Amino acid sequence: MNKKIAATFCLLLGFILNASAADGMEEVMFHSGKIYTFLVVAFIVLLGTFFYMFRIDKRLVKMEQDIEQMVKRSKR
Amino acid sequence: MGNFKKYWWKLLGCVLVAFSVVMSFTTPLAAGVAEVTPTTTKKGKQLITIKGYNAHFKSGHNRFWLTGNHHTTLIPGTIKEIINENLIKVEFDIPEQLPSNNLALAVQSREDGGAVLEAAVFVSDASILAGMTTAIQMPMDQKADHFTFPFKNILYETIRNLNFHVTMWFALIGCMLISMIRSIQHLSSIEGLKHDRSANEGVRVGLLFGFLGLITGSVWARFTWGAWWVNDTKLNGAAISVLIYLAYILLRNSISEEQKRARIVAVYNIFAFVMMLVFIMILPRLTDSLHPGNGGNPAFSNYDLDNNMRMIFYPAVLGWILIGAWMINLRSRMSHINFTIHNHE
């Protein structure tokens, strides 16, 4: 019984929050011929590419350190 | 955070490119004159229909003139009918004496700044008095009160491509410069192939930007000039430059002995860079060219690239060069690790 009340309460809360949060976001996204929607999409693509490069960079740093260890060990 | 010294320029590249992308998409175009009808008219009271772009003709803050002799002869217009924000009918009382048959149409708006359409109206029965001016003078180059990109009649919104197409070519030159420096370093170092490997990766990353520049330029050309390719000095020069660097890759593959290959290819790389500069930058400026920025093409030249555009364009160029440098850095390190692993055992 308590679970049902909690579930209904969450559902209603969700609707209320959704109604007010959507207005602000929608206003921006639908304004100016939806250019801002396009911008967000392009931005996501761009940031995704940069994060990918950043991850490769970090992996290379680790590989370089491993190689240094390997070279040091074999020179001993 | 001790590593920040090592990667600050990579972060800067990302920030600058992201900034230029956001501004390229969200900055509006300045108000301009898209079309004027009729294009041929006679002297006397004439009703001219003016089609604007991003204009606000309903605001009541617009003034119109037909101008001649570089905006020193001014014929004021009376607004007869405002159809919508971008369509208006204005009446001009065209006198008999004019400095030339071709009159420009100029708009001045308090919010949107000034806009001019050159050679908008041809007055067939004017009597020419070259060099005449009128008593009233108005500055025709007022700026809009908000941040805008310049309006150019052939380009319209594609002027935003400046931050994507042209930056690709600058990234190409940046990458090839790095590659050439590595080649010089290789030739002046005693042994080792580290610089040669970096030079190789530099050429490969540069070629990526070269191809992107060619493709983006082709698409841009198709929808502004009407053709995917024209026989134009700059375009041919750019294609030749890319071919020169493809030949670098071929040259590398044709020599199997490592030390000899590195030396020959390094010399070739230095010449390749110089030739690229000749083909892309020097030759196009010496001949007539359809391509903007060269050969007297009125589409846009350095004088039309206004300060707003420069504020976005220069950071974008630097950003993409840094991104190119980062890509070369990553690939060089990969190549070096590969070499170390294979030559260690």
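**Note on the two-chain model**

1. Start with His71(B). Leaving out residues up to four places away in sequence, His71(B) touches Ala104(B), Val116(B), Glu118(B), Gln137(B) and Met140(B). Contact here means heavy atoms within 4.5 Å. His71(B) sits in the loop between strand 4 (62-68) and strand 5 (73-84) of chain B. Helices (H or I, at least four residues) and strands (E, at least two) are DSSP runs, numbered from the N terminus.

2. A word on the basis. This is a predicted model, in which local features need pLDDT of at least 70, side-chain atom pairs count only at pLDDT 80 or more, and totals for chains, interfaces and linings use all residues. Residues are numbered from 1 along each chain as its sequence is written, chains are lettered from A in the order in which they are written, and side-chain values use heavy atoms, with hydrogens and water left out.

3. The interface comes next. In it, 20 residues of chain A are in contact with 18 residues of chain B. The area buried between chain A and chain B is about 1,900 Å², and carbon and sulfur atoms give 84% of it. Buried area is the accessible area (1.4 Å probe) that two parts lose on being put together, summed over both.

4. Charged pairs also cross this interface. The rule finds 3 salt bridges between chain A and chain B. The side of chain A that touches chain B has 17 nonpolar, 1 polar and 2 charged residues. For these classes, Ala, Val, Leu, Ile, Met, Phe, Trp, Tyr, Cys and Pro count as nonpolar, Asp, Glu, Lys and Arg as charged, and the others, Gly among them, as polar. A salt bridge is a side-chain nitrogen of Lys or Arg within 4 Å of a carboxyl oxygen of Asp or Glu.

5. Look at Asp57(A). Its side chain meets that of Lys10(B) in a salt bridge (2.8 Å, N to O). Asp57(A) also forms a salt bridge with Arg333(B) (3.1 Å, N to O). That pair runs from helix 2 (residues 35-75) of chain A to helix 6 (residues 307-344) of chain B. Both Asp57(A) and Arg333(B) are buried. Buried means under 20% relative accessible area, exposed over 50%, partly exposed in between (1.4 Å probe, protein chains only).

6. Within chain B, Asp196(B) and Arg252(B) form a salt bridge, their closest N and O atoms being 2.8 Å apart. Asp196(B) lies in helix 3 and Arg252(B) in helix 4 of chain B, so the pair ties together parts that are 56 residues apart in sequence. Salt bridges that share partners join Asp57(A), Glu64(A), Lys10(B) and Arg333(B) into one network. Asp196(B) is buried at 4% relative accessible area, and Arg252(B) is buried at 7%.

7. Another pair in chain B is Asp93(B) and Lys45(B), a salt bridge at 3.9 Å, N to O. The two are 48 residues apart, Asp93(B) in strand 6 (residues 87-94) and Lys45(B) in strand 3 (residues 44-53). Asp93(B) is partly exposed, at 46% relative accessible area. Lys45(B) counts as exposed, at 59%.

8. Last, helix 4 of chain B. Its 22 residues (233-254) should span 32 Å at 1.5 Å a residue, and its end C-alpha atoms agree, at 31 Å apart. The expected span is 1.5 Å times one less than the number of residues. Buried residues of helix 4 include Leu235(B), Ala238(B), Val242(B), Tyr245(B) and Ile249(B). Their cover includes helix 2 (165-188), helix 3 (194-224) and helix 5 (258-286) of chain B.
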